[in-house]
Amino acid sequence: MSGETDLSRLLAGLDPVLDPDPYGYALLGADQTLPAGITPFGLVREAEGMTIIATCTQLEAAGLDSAGQWARITMMVHSALEAVGMTAAMATALTGVGISANVVAAYHHDHLFVPWDRREQALTVLRRLG
């Protein structure tokens with residue numbers, strides 16, 4: 001199933017949904033394995049180690065330090081991986097109110113991680129794009 005590529009339809013259909021749990025980013029060394037009990041939302045391998053994105057509860061239970069608390073907002077529109085402009089539009093809108101955003105694009109949806117204490121404001125800004 002192919003996703004949407006038309007920017008106006010993407011923005012009209014964003015339908016952002018806020019996950020109720022705070023997430024964190026943790027780092028494992030290149031020679032470490034994923035601790036038991038963690039079901040990661042995302043894993044990224046880099047030369048310096050592996051970044052784990054998971055709920056703060058799971059990271060804490062595994063004894064991992066996380067870099068802050070982040071809210072996960074999922075755009076329910078099915079965006080194509082080759083779509084142009086959606087990430088820029090979201091980032092620009094959030095930049096306008098001083099909210100940082102980390103984007104994780106998956107096959108069906110885009111997910112933004114924003115500071116936990118700014119989550120409601122970010123959700124409002126994203127809804128206005130539609």
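**Helix α4**

I began with the face of α4 turned away from its buried side and found that it carries the exposed residues Arg127 and Arg128, where exposed means over 50% relative accessible area, buried under 20%, and partly exposed in between, with a 1.4 Å probe and protein chains only. The model is a predicted one, in which local features need pLDDT of at least 70 and side-chain atom pairs count only at pLDDT 80 or more, while totals for chains, interfaces and linings use all residues. I kept in mind that residues are numbered from 1 along each chain as its sequence is written, and that side-chain values use heavy atoms, with hydrogens and water left out.

I then looked up the buried residues of α4, which are Ala122, Leu123, Val125 and Leu126. Seen down the axis of α4, these buried residues fall within an arc of 165°, so they line one face of the helix; the arc is that of the directions from the helix axis to the C-beta atoms. They pack against β1, β4, α3 and β6, contact meaning heavy atoms within 4.5 Å.

I traced 6 strands forming an open sheet in the order β2-β3-β1-β4-β6-β5, with antiparallel pairing; two strands pair if DSSP finds at least two bridges between them. The edge strands are β2 (42-46) and β5 (102-105), each of which pairs on one side only. Neighbouring strands of this sheet are turned by 30° against each other on average, direction ignored; axes are lines fitted to C-alpha atoms, for helices over the stretch in contact, and angles run from 0 to 180 degrees between N-to-C directions.

Between β2 and β3 (residues 49-55) I noted antiparallel pairing over 5 bridges, and Glu46 stands opposite Gly49 in β3. Helix α3 (residues 86-95) packs on the sheet, touching β4 (70-75), β5 and β6 (110-115), and its direction makes about 15° with that of β6. Helix α4 (residues 119-129) also packs on the sheet, touching β1 (16-28), β4 and β6, with its direction at about 120° to that of β1.

**Gly37**

I located Gly37 in the loop between β1 and β2 and found it exposed, with a relative accessible area of 64%. Gly37 and Ile53 are 16 residues apart in sequence and 13 Å apart in space, C-alpha to C-alpha.

**Confidence**

The mean pLDDT of the protein chain is 93, and 99% of its residues reach 70 or more, pLDDT being the predictor's confidence in each residue, from 0 to 100.

How values were computed:
Helix = DSSP H or I, 4+ residues; strand = E, 2+ residues; numbered from the N terminus.
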